[in-house]
Amino acid sequence: GESAMAQLYIGAPAVAVWGQPLIIRSESPVATIGGGMVLDPTAEKIRRRDDARTARLPALAGDDPLERASAAFYFAGLRGFQAADLARSAGIHNVEEVAEELRDRGDLIQVDVSPTRTIQLHDAVLDELSDRVRRALEKFHAQYPLRRSVDRAPLASRFAYLGSNDLLDAVLCRMEEAG
């Protein structure tokens with residue numbers, strides 16, 4: 001048969017792991033509609049026009065454990081995914097070894113979000129966040145073209161959903177290093 005990827009929403013929480021088979025049935029009349037396998041048990045909604053995310057979905061279903069792990073970190077987004085989560089989210093058993101390899105090749109970046117807390121984020125997630133910050137800075141500049149700097153408070157307010165100014169600071173430092 002033909003394979004397709006779909007994102008399902010369920011009415012109540014369920015326990016699932018990567019690679020777990022699933023079957024979809026209707027209640028009345030009782031009939032099997034289809035089935036498949038779980039790719040991301042903690043997925044967030046993917047918009048239809050989000051080509052960057054959609055393009056990475058096949059890596060979650062792939063045979064290469066390193067690519068699956070990289071995709072799992074990518075889909076974790078800004079949630080502060082840990083290497084131990086790879087067992088559940090990508091079917092990886094040697095999680096520390098794989099996470100180290102991802103750090104070595106630059107996929108995985110450790111970000112200090114407070115003096116005592118660090119999170120690991122996919123490089124592409126940080127690039128996407130940097131792009132959002134850049135667009136916000138461009139809007140501020142368009143609104144106040146004669147100012148030489150941007151007041152930090154409105155920028156921090158716009159990115160309050162990050163939950164930490166330290167993450168915003170890390171992104172701003174990354175942008176400054178990149179020029």
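Colleague: Which residues in H2 do Ala-52, Arg-53, Arg-56, Leu-57, Ala-59 and Leu-60 in H1 meet?
Modeller: This is a predicted model, in which local features need pLDDT of at least 70 and side-chain atom pairs count only at pLDDT 80 or more, while totals for chains, interfaces and linings use all residues. Residues are numbered from 1 along each chain as its sequence is written, and side-chain values use heavy atoms, with hydrogens and water left out. Helices are DSSP runs of H or I of at least four residues, strands are runs of E of at least two, both numbered from the N terminus, and contact means heavy atoms within 4.5 Å. On that basis, the H1 residues meet Glu-67, Arg-68, Ala-71, Ala-72, Tyr-74 and Phe-75.

Colleague: How many charged residues does the contact of H1 with H2 have?
Modeller: Ala, Val, Leu, Ile, Met, Phe, Trp, Tyr, Cys and Pro count as nonpolar, Asp, Glu, Lys and Arg as charged, and the others, Gly among them, as polar. By these classes, the contact of H1 with H2 has eight nonpolar residues and no polar ones, and its charged residues number four.

Colleague: At what angle do H1 and H2 pack?
Modeller: Two packed helices are described by the angle between their axes and the distance between the axes. Axes are lines fitted to C-alpha atoms, for helices over the stretch in contact, and angles run from 0 to 180 degrees between N-to-C directions. The axes of H1 and H2 are 8 Å apart, and their angle is about 140°.

Colleague: Is Arg-53 buried or exposed?
Modeller: Arg-53 is found in helix H1 and, leaving aside its neighbours within four places in sequence, is in contact with Ile-46, Tyr-74 and Phe-75. Buried means under 20% relative accessible area, exposed over 50%, and partly exposed in between, with a 1.4 Å probe and protein chains only. Because its relative accessible area is 15%, Arg-53 is classed as buried.

Colleague: Where does Pro-29 lie?
Modeller: Most residues other than glycine have a negative phi, and most peptide bonds are trans. The peptide bond from Ser-28 to Pro-29 is cis, with omega near -5°. Pro-29 lies in the loop between S1 and strand S2 (31–37).

Colleague: Which residues does Glu-44 touch, not counting residues up to four places away in sequence?
Modeller: Glu-44 has its place in the loop between S2 and H1. Because its relative accessibility is 43%, Glu-44 counts as partly exposed. With residues up to four places away in sequence left out, Glu-44 touches Gln-7 and Arg-79.

Colleague: What pattern does the protein chain follow along the sequence?
Modeller: The protein chain has seven helices and four strands. Of its 179 residues, 30% are buried. Read along the sequence, the pattern is β-β-α-α-α-α-β-β-α-α-α.
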